[in-house]
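Trainee: I would like a close look at one residue in this model, and then at how the rest of the chain is put together around it. Please keep to what the coordinates give.

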Amino acid sequence: MNLLEYQGKKLFSEAGIRVPSGVVVASGDDAAAVFGKFPSGVVVKAQVHAGGRGKAGGIRLARTGGEAAAAAKDILGMKIRECVVGELLLEEILDIDRELYMSLIVNNDAGNILFLFSQAGGMDIEDIARGRPESLVRWEIDDISSVREFRIRNVLRGSGMHGKVLADVASVAMKLFECFRKNDLLLAEINPLVVTKGGEIVAADAKVDVDDNALFRHDEFGAIPVEIRDSYERRAAEIGISYVQLTGSVGIIASGAGLAMNSMDILESRGSAAANFLETGGGITAKLISDSVGLLLSNPSVKGILVNLYGGVNPMVEAAGGVIDGLTGNSKGIPVVVKLLGNQQEEAWAILEGARIPTVKTVSTEEAVDLLLRTMEGRTEK
Ligand code: GDP
Ligand code: MN
């Protein structure tokens, strides 16, 4: 299980490794609201399971609350290597003197653990290995519990390190070994490991992979507390659906990830955008659909709702009942279009039409999207 940067940093911090102070947010407004904690500015960082965020535009510096909100709005919903950004980490800006590279990785072929370190941090390890091979030191370890700090210092010297920084970095490495062992990690990469102008060693990034086979003894990864979790995502977890907050105006409820992505793409091709990604998964019940509709209705940026379901095993009459039930909370009359196919579809269509809910009975998501967008436009023109 790959952890997000802020989750990885929490493990580092617990191990005594210094990380920048930071807050997780999921909207531009929250970004502006927490800006006061960082008087000299923040780094706004996309939280996705992908590297290379800097190059992809997923990391921005902001010196004012307005800049932070603007950066947050730009980055939220952005796709970085197929990962949609739903959360941001706002961090204090570090006064960077040097960027180092440090990692530990389980070396499956050799059955041991590999420690890698370079003074040329900030760039990918592949680029370091190609462009600055003399700075890269490798150390293979059979038994983590046998590692001693003086051995680490000897290894670091091979990269040209010396003096106080050498001792301080060795101390960080020792803590990383302990963190690696204690949390059953497969990978722990700090790139860059920053030396600040004040001489502090700070983990400015965290790439952490936990061994799935050891997750049974790590309940904490399911519920890593953060200062601000987006309330929609918390409620989605309670409902039992996959949900990512996005920045558009069309709420989507889809029975599968493929249908959801397809709906989002079609919306985009029409110049519109999704307010969320929502996948119900296989276990569709009236309550799950009703709660999902309620969740979308509570989001003020949702101006229309597309329900796009395919029910193989799940009776679609349940879904139809759930939509009607959920829409009792639709006090603002937000337009809704339902496209639903599968098990008991005729009965489900009859129920929806009986409740005067626009229903698309074909496989065409385009048709459903266009009908919804027309209805939404009709409302704003009035
Ligand atoms: P990655 O591109 O996904 O690996 O993201 P990183 O967290 O490694 O950030 C990329 C780059 O952004 C770093 O190598 C730094 O140069 C820069 N960066 C990250 N945090 C800070 C910070 O606090 N201050 C400054 N000035 N630059 C930062
Ligand atoms: Mn990095």
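Leaving aside its neighbours within four places in sequence, which residues is Leu267 in contact with?

Mentor: With neighbours up to four places away left out, Leu267 is in contact with Val250, Ile252, Ser272, Ala273, Ala274, Val369 and Leu373; contact here means heavy atoms within 4.5 Å. Some conventions are needed before going on. This is a predicted model, in which local features need pLDDT of at least 70 and side-chain atom pairs count only at pLDDT 80 or more, while totals for chains, interfaces and linings use all residues. Residues are numbered from 1 along each chain as its sequence is written, chains are lettered from A and ligands numbered from 1 in the order in which they are written, and side-chain values use heavy atoms, with hydrogens and water left out.

Leu267 sits in helix H8, residues 257–269. Helices (H or I, at least four residues) and strands (E, at least two) are DSSP runs numbered from the N terminus. With a relative accessibility of 1%, Leu267 counts as buried; buried means under 20% relative accessible area, exposed over 50%, and partly exposed in between, with a 1.4 Å probe and protein chains only. From Leu267 to Asp370 the C-alpha distance is 8.6 Å, although 103 residues separate the two in sequence.

For the chain as a whole, there are 12 helices and 19 strands. The C-alpha trace spans about 80 × 45 × 35 Å along its principal axes. Of the 382 residues, 49% are buried. Among contacts with a separation of 6 or more, 68% join residues 24 or more positions apart. The accessible surface is about 17,100 Å², and carbon and sulfur atoms account for 50% of that area; accessible areas come from the Shrake-Rupley method with a 1.4 Å probe, and for residues only the protein chains shown count as cover.

The nonpolar interior comes next. A nonpolar core is a set of buried Ala, Val, Leu, Ile, Met, Phe, Trp, Tyr and Cys residues joined through side-chain atoms within 4.5 Å. The largest one has 39 residues, and the members that touch the most others are Phe12, Met102, Phe115, Phe117, Leu156, Val169 and Phe177. Helix H6 (residues 163–182) supplies the largest share of this core, 9 residues. A second, separate core has 32 residues, including Leu278, Leu288, Ile289 and Leu297. Leu297 is also a contact of Asn330, as is Val336. Asn330 belongs to the loop between helix H10 (316–326) and strand E18 (336–342), and is buried at 16% relative accessible area. Its side chain reaches the backbone nitrogen of Ile334 at 2.9 Å, a polar contact being a pair of N or O atoms within 3.5 Å; within protein, one must be able to donate a hydrogen and the other to accept it, and residues adjacent in sequence count only if both atoms are side-chain atoms.

Gln119 is in the loop between strand E9 (112–118) and helix H4 (125–131), and is partly exposed at 23%. Its side chain makes a polar contact with the side chain of Arg98 at 2.3 Å and reaches the backbone oxygen of Gly160 at 3.4 Å.

Last, the ligands. The manganese ion (ligand 2) is coordinated by Asn191 (O) and Asp205 (OD) at 2.2 Å; donors are N, O and S atoms within 2.8 Å of the metal (3.2 Å for Na, K and Ca), and water is not among the atoms, so sites may look incomplete. Asn191 lies in strand E11 (185–196) and Asp205 in the loop between strands E12 (201–203) and E13 (207–210), so the pair ties together parts 14 residues apart in sequence. Both count as buried, Asn191 at 11% and Asp205 at 18%. Ligand 1 has 17 residues around it, of which Lys45, Arg53, Gly54, Glu99 and Asn191 come nearest; a residue is near if one of its heavy atoms lies within 4 Å. Oxygen atoms of ligand 1 lie 2.9 Å from a polar backbone atom of Gly54, 3.0 Å from one of Asn191 and 3.0 Å from a polar side-chain atom of Asp205. On its own ligand 1 has 570 Å² of accessible area, and the protein covers 77% of it.
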